[in-house]
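Trainee: May we go through this structure together? I would like to begin with the charged side chains.

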Amino acid sequence: MDSSIALILLQDGVVNGAIYALLGMALVLVFAVTRVIFIPQGEFVAFGALTLAMLVDGKVPGTAYLLPLLGVVCLALELLRALRTRSAAALPKAFATCVVLPLALLWLTVTYTAPGNSLWLNMLLTLLLVIPMGPMVYRIVYQPLAEATVLVLLIVSVAVHFALTGLALVFFGAEGWRTPAFVSGQVDLGFMTWSAQSLFVVATCAILIIGLWLFFGKTLYGRALRATAVNRRGARLVGISTTMSGSLTFTLAVAIGAMSGMLIAPITTVYYDTGFLIGLKGFVGAIIGGLASYPVAAAGSLLVGVLESFSSFWASAYKEVIVFTLIIPVLVWRSFSTHHVDEEE
C-alpha cells in the first residue's frame, strides 16, 4: 500500500464514518431520552434511500402507502384511549396528524411523481413521507411500554426491526436502487483529490451535527430533551411531558435516518434490508460512546468507518468481522470502568 491508496481509503472511511456518526448520535439520543436501543434505526435509512430512488425513477414509493397504514393504527389506538379515559379532546389533532396528513401526502406524491422532477424537490418529499413515521412508530410500539425495563424495550426493538424489514420488502420489492449524485466533479485539496459528492456528504453530516448541537443547547424543546435524558422522573416533576419528549426524539432519529439514507443512495446500491448493517455500524460507534456521549459516539463512528475502509483493502472478506470485533474490547473496558446504577438514577 502506497500513500495514494492510503489517502483514497481514508477518504472512503471518513465519508462512511460521517454517516455512521449521524446514526450513532441518533441512537444515543433515543436511548438517553427513552431508554430504547433503537435497532430499527437502519430501516429508516433504507426507507429514505429507497423512497428517493423511486421518486427519481418516476414511481410512487411504498412509503406513500405505508404512512396512511401506520396512521390508521395510530388513530385506532387514540380512539381506544378516548373510550378508556372518556375524553375526546385529543381526537381532532390525532385525526389531522394520523389521517388527513398521510392522505394529503399520498395525494401529493401520486400527483407530483414523474420522471425528470428536481432531485432537491424529491429529497424534500422524501423527508415529508418518512419523518412522520417516527412519532407514529413511537405511538404504536413504545409509548404503551414507556415504563418497561430496558431489556423489554430491546426485545420489542428487535421485533420492530423484523416487522419494518418485512414491510420494506412488501412496499419496495427485493431489487436494489441507486440515485444520481447530488453534485458532480472533483475537488483538488492539494495533497489529494476528493470527489464533490464525498465532500457534500461530509459537509452535510457536519451541518446536521452542528444543527443538533444548536438545537439541544439553544432551544426550549432541546433543553427539555436534555432534562428528560438526565432524569426522567425529575423532568416529569417540573412539567416536561415524557410522551412529548419520546415523540420528538423519534422524529429526530427518523429524520437523521432518512437523511443518512439519501446521502448514501448515490454511493451504494440500497436494498430493502441494507439499512440494518449500516445502522449496526452506527450502533458500534454509539457503544464506544457508552450510549451517553455524543462526541465520543461521533469519534467512535469515524473510527469504525476508517477501520472498515482499510479492512476492505487488506481482508475484504473479513471486513465486517473486524469492524464488529471492535465492540468486544470496548465492552470489556466499560464493564471494568463503570459501576451499576439503577435505571432511574
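Mentor: Let us start with a term: a salt bridge is a side-chain nitrogen of Lys or Arg within 4 Å of a carboxyl oxygen of Asp or Glu. Please keep in mind that this is a predicted model.

Trainee: How many salt bridges are found in the whole structure?

Mentor: The search finds 4 salt bridges. In one of them, the side chains of glutamate 308 and lysine 281 meet, at 2.4 Å from N to O.

Trainee: In which helices do glutamate 308 and lysine 281 lie?

Mentor: Glutamate 308 lies in helix α13, residues 294-314, and lysine 281 lies in helix α12, residues 274-288, so the pair ties together parts that are 27 residues apart in sequence.

Trainee: Are glutamate 308 and lysine 281 buried or exposed?

Mentor: Both glutamate 308 and lysine 281 are buried.

Trainee: How far apart are arginine 81 and glutamate 78 in helix α3?

Mentor: They are 3 residues apart in helix α3, which covers residues 63-85, so about one helical turn separates them.

Trainee: And is glutamate 78 buried or exposed?

Mentor: Glutamate 78 has a relative accessible area of 12%, so it is buried, because buried means under 20%. Arginine 81, at 21%, is partly exposed.

Trainee: What about lysine 59; which residue does it form a salt bridge with?

Mentor: Lysine 59 forms a salt bridge with aspartate 57, and their closest N and O atoms are 3.7 Å apart. Lysine 59 is partly exposed at 40% relative accessibility, and aspartate 57 is partly exposed at 41%.

Trainee: Which element gives the largest share of the nonpolar patch?

Mentor: The largest share comes from α5, with 3 residues.

Trainee: Where is leucine 128 placed, and what is its relative accessible area?

Mentor: Leucine 128 is in helix α5. Its relative accessible area is 39%, so leucine 128 counts as partly exposed.

Methods:
Residues numbered from 1 in each chain as written. Predicted model: local features only at pLDDT ≥ 70, side-chain atom pairs only at ≥ 80, totals over all residues. Heavy atoms only, no water. Helix = DSSP H or I, 4+ residues; strand = E, 2+ residues; numbered from the N terminus. Buried < 20%, exposed > 50% of the residue type's maximum accessible area, 1.4 Å probe, protein only.
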